[in-house]
Structures are given as C-alpha cells and as structure tokens.
Amino acid sequence: MSAQIIDGKAFAATVRQKVAAKVSELKTAHGITPGLAVVLVGTDPASQVYVRSKGKQTVQVGMNSFEHKLDADTSEDVLLDLIDSLNADPAVHGILVQLPLPGHLDETLVINRIAPEKDVDGFHIANVGLLGTGQKSMVPCTPLGCLLMLRDYHGSLSGKNAVVIGRSNIVGKPMAQLLLNDSCTVTIAHSRTADLPDVVRRADIVVAAVGRPEMVPGDWIKPGATVIDVGINRIDIEDGKTKLVGDVAYESCAAVAGAITPVPGGVGPMTIACLLANTVTACCRINNLTDGEDFLS
Amino acid sequence: MTKQTADHRHLLGAPIRDRILDEVRTYVDAAGQMGKIVSIAIDGTAEVEVYIRNQARIAAKVGLDFDQQIWPRDITQNVCKTRIQQMNDDPSVLGIIIQRPLPSHINIRSLQSAVHPLKDIEGMNPASIGNIVYSDIALVPCTAAASVEMIKATGLTLAGLEVVMIGHSEIVGRPAAMMLMAEGATVTICHHMTRSVAMHSRRADVVLVAVGSPHFIGPDMIKPGAAVIDIGINQITTDDGTSRIVGDVDTAAVTEVAGWITPVPGGVGPVTVAVLMRNAVIAHQRQRQSGWRT
C-alpha cells in the first residue's frame, strides 16, 4: 500500500473548529447566533440517526439547533406552512428538510419552497443554476466536502483531469460543477459510458459516487491519482456480519493511487461539517457580512 | 459573406431551422393570441442591431409579435428591474429577451434573474439553468440547444457517445454539456486551463467548440469520422483587406477528416434563432399549465 490516506475525520474536525471560531466571532462582534432548522417527516430510522447527529454537532459548534419532527402523514400544506415560517424567522439561517420524504409529499415542490439563501443543502433549483453558471450559491454538502479535501491535498486543482463517476443531482453533477469552477478538465462518466475503465484511467482525480460496492478496481486507477470515494455501502461478510465499503476497491486502489479517502472515515464525516459551514455562510450572507464568509480558507 | 460550397460532410443549419420553425408556425396558428416577445436593448449597443432585426424577421415569419424596445443609455439598474418585473406580471408579454452586450453599469446577471422563469425564453435565469442540470430540459439557452439539435441531425445515438465540449461558458458550454449528459453521452468539458485539448478531442465521437478563436481546431485534433460542431463566430480580416465571419474550426482542413462538420456561417447560427422561437412556444405551454393563460 502506497497511497496517502486522506483522513476525513481529522479534516472534518478542523472544519468544525473553524466553524466554531466563526460562530463565536459572530456572537461577540455582531450579537448573531447562526441557527439551523432541521425538518424530519416520519420515523425513518436512518433519517432519525442523521437528524440527531446533525442537531448534536450544530450545538457543539455553538449554533442554535431547531428540530421539527412531523408525523409521517403530515400534509403538504402543513409542511409548506412550516417552511414559510422558517423562511421568515430571523433566528433561522439554514433550513434542511431531511430526505427522503414520505411518498405523498412532492420533494421538488418542498425543496423549492425553501428561501434559496437559507437552502444549506444547495438543492433549490436557483442554487443549482447559480452553481452551474459559476456564480455564488449554496453548495451541496457532500461534494463541497470532497472539494475541500482535494484542495487541501493538492493546493491548486487547475488543469487536472478529473473524472466524476455517477451523475446524481446530489453528488455527481454538483461535484463536476465545482471541479470545473476550480479549472479542472472534467469528465462525467455514468452507467451509459461505453468504456469506463479507459475513461477512469485518464484521471488525475477520480470521484466515485455511484452507490455500487467496490466497483472501481485498482487497475482502473492511473498511478499516483487521487481517489475520492463517496460511496457508503453495507455488504455481507462471513458469519452474518456486515461491513461498510465504498464504491472503490480500497486495497487494490490504495496500492496504485497517490492519495485515497477510506470508507468509513473519508468523505462521510465531511458532509455534516460542511452543513455547519454552509449554515454559517448563509448567516453571513443574510446579515451582509460577506467579507467574513471565507472563513474556511 | 462567402458562398458556401455544397459538401455532403457539411451539416447545414437551414433544414433544421426550417423544420423547427414549421413546428412553431403550426403551434402559433392553432394557439391564436399568444402574447408578444419583448426584446430589450440599451441604446448605443449598435452591434446587436443586425442580430435583433433577424430575430424580429423570424418572429414575423412564424406569426409571433415581436416588440423591439430600446431603453435609454443612462437607465439605472433599478428601473430596468422594475420594468422587467412589470413585464412578468403583464399577460400580454409572452417572453423576454435581454440583448447583450449591456453598458457596464448594468448587472446582466441580476436582470436575467429578474425575468420570471416562465418568461425566460433565452434560458438564462439561474432557475432555468438549474432545471437543465436536473435534466428537466424545457427553456434552454438557445445556442446550446441549437448545438444539440445539430448533433441529433447526424443520426448518432447520444447514449454512450464520447463528447468533448471545448469552452465552459455559462451561456453555451456548460448547458450544452449538461443537456448532452442528460441524453446519456459521456461528456468531457475542456477550457483554457486544460493541459492538452487535443488529447481529449482526438478520442471524441463529437467535438463541440465555443472558444471564440479562429482556426482553434485543426485536422490533427479530430478523430476520423467524428462530428464537429463549430459554435464560434469570429470576424477576421483576410489578406485582401475584406472581413469575413469564420468559426473556431479550420473548416476546409477539418472537413477532410470529420464525418460531419457544421460550417460557419450557415451551421449552428440559423438554428439558434429557431430555438428561441421554439422556447416561446414552450413558455406558452408552461404558462398555460401554470394557469397563467387559458
């Protein structure tokens, strides 16, 4: 094994420290406490774990956490009314609606009801368009986490060949936009790509976000390339036990790559850290404190 | 303008334009009163006049009203915005075009954001671009959409196709890349920071180029048989002192290698205006679906 391991857990801790420092500055210098509202509809166990974890970390960095738990059969009107009131609430700077929503609720309609400047997930259609045209926007948390790790490892990304595997709205597409904004030459590969190994072998940077366990083997990786593994897949091992693996075959890729993110402990911890960072960014913008919003660099 | 010699490898815009305009004409005839397209230009930007005149002529041809407004040079950003907001609320306005360039004191992006997404027939509002990223292809930037039409006219199957887009502007390169990706192509986006454009373009089944640099693409950069979509429009002065319009591709030389090539002029350009008219139809349909119109 030769690759440097990119420690997402440690890096996320640094991001949280910077967020906490900025929060404390906003409190003392401006008397503002950033607030994140999380809306959970229903009792999906995985969502409950996420929401609890988000709430805990929000409080840990000194921000206000507002949790709104609604019954699974909540009507769309009630949910939209709640979002309207959060949009209007000056104590709330970030609004996150935990997905997936129960089937009777229209996710697109609900997400687009959030005020774009409070859309800390970056899924509102206006934020998607702003990012897609290289303008200031709220950026989805997982790809933002990947970008921060890549910048930290490489310094400048300019001129690098980046291949994003997967074209999801949540990761693949915004990741490609972010890499373009950092002047990478970007290829977006996906299920219809004719010769995926060949495409991946050209890449200085590979971001795998397909949700298929260990689908990228080491012989697809150019020696020395940086591999960012967004996948989190639970697979069965012997004796009825399970383990978490990414979208890349870790051992064989680590033998070839220059740097690689492990699963778990790579991209995963960065996502919530970036959510906290986005909330602070939103708070700065809403209060016209944009000079200070670059607190992560 | 130089005369375009007929070459079977040349992918001409005129037949595609005519097909789209026929479809628009049919819709307009059936729809009756649809409202008008408003073109906003600011006084003193004369270079766009030819361009606007052409849009007006095509609109008349398909039976759409075209209101050509020229606003005074000293108009403020706020007044522009207020006027656009009034048009958003005005049912007699079907769609809005903001002609570029604008004077430096006007922030174009802010005005584009002010146009209601349902009246954004140029596809320039961030929400329109966001919809493209999310693969909801409705109101699309016209040049990007015209380029995609040209590729479709080759008959190539887009799914799995290797496409290289050279140029990553928000008006052309990025939306074209997103549209092609939505159709299943494997898209690589190159730009001025790309280390070796040729390395990418040589393996592509389709190369689109929109960089604004004459003869940027030569025959050594193209895989034999590939389709080459030339989106560039550059005015050059030839040795005898006359000026003419060329694209970003060395057309004569690349024609000998490519399977298809769009000439400039006469390729993507004519289709662009047709897509603008088709956007007006789509805007009308969407405004109806949203209950704005009966």
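The contact between the chains takes 27 residues from chain B and 25 residues from chain A. Two residues count as in contact if their C-beta atoms, placed from the backbone, lie within 7 Å. This is a predicted model, in which local features need pLDDT of at least 70, side-chain atom pairs count only at pLDDT 80 or more, and totals for chains, interfaces and linings use all residues. Residues are numbered from 1 along each chain as its sequence is written, while chains are lettered from A and ligands numbered from 1 in the order in which they are written.

**Chain B side of the interface**

- Helix 5 (126-133), helix 7 (173-182) and strand 5 (186-190) of chain B each supply at least two residues of the side that touches chain A. Helices (H or I, at least four residues) and strands (E, at least two) are DSSP runs, numbered from the N terminus.
- Helix 5 of chain B gives the largest share of that side, 7 residues.
- The side of chain B that touches chain A has 12 nonpolar, 10 polar and 5 charged residues. Ala, Val, Leu, Ile, Met, Phe, Trp, Tyr, Cys and Pro count as nonpolar, Asp, Glu, Lys and Arg as charged, and the others, Gly among them, as polar.

**Strand pairing across the chains**

- Strand 6 (residues 185-189) of chain A pairs with strand 5 of chain B in the antiparallel sense, over 3 bridges. Strands pair if DSSP finds at least two bridges between them.
- A:Thr187 stands opposite B:Thr188 in strand 5 of chain B.

**Domains and sheet of chain B**

- Chain B is divided into domain 1 (29-121) and domain 2 (142-271). The bounds come from an automatic or database domain assignment.
- The centres of the two domains of chain B, taken over C-alpha atoms, are separated by 29 Å.
- An open sheet of 3 strands in chain B has the order 2-1-3, with parallel pairing.
- Strand 2 (65-71) and strand 3 (93-98) of chain B stand at the edges with a single partner strand each, so one side of each has no neighbour in the sheet.
- Neighbouring strands of this sheet are turned by 20 degrees against each other on average, direction ignored.
- Strand 1 (residues 36-42) and strand 2 of chain B run parallel and are joined by 7 bridges. B:Ser39 stands opposite B:Gln68 in strand 2 of chain B.
- Helix 2 (residues 49-62) of chain B packs on the sheet and touches strand 1 and strand 2; its direction makes about 160 degrees with that of strand 2.
- Helix 10 (residues 268-289) of chain B also packs on the sheet, touching strand 1 and strand 3; its direction makes about 135 degrees with that of strand 3.

**Helix pairs in chain A**

- The axes of helix 1 (residues 8-30) and helix 10 (residues 268-286) of chain A come within 8 Å and cross at roughly 20 degrees. Axes are lines fitted to C-alpha atoms, for helices over the stretch in contact, and angles run from 0 to 180 degrees between N-to-C directions.
- Helix 1 and helix 10 of chain A are therefore roughly parallel (angles under 35 degrees).
- The residues of this contact of helix 1 with helix 10 of chain A divide into 13 nonpolar, 2 polar and 3 charged.
- Helix 6 (residues 141-154) and helix 7 (residues 172-181) of chain A have axes that come within 8 Å and cross at roughly 35 degrees.
- A:Pro143, A:Cys146 and A:Leu147 of helix 6 meet A:Pro174, A:Met175 and A:Leu178 of helix 7. By class, this contact has 6 nonpolar, no polar and no charged residues.

Conventions: Parallel < 35°, antiparallel > 145°, perpendicular 65-115°, else oblique.
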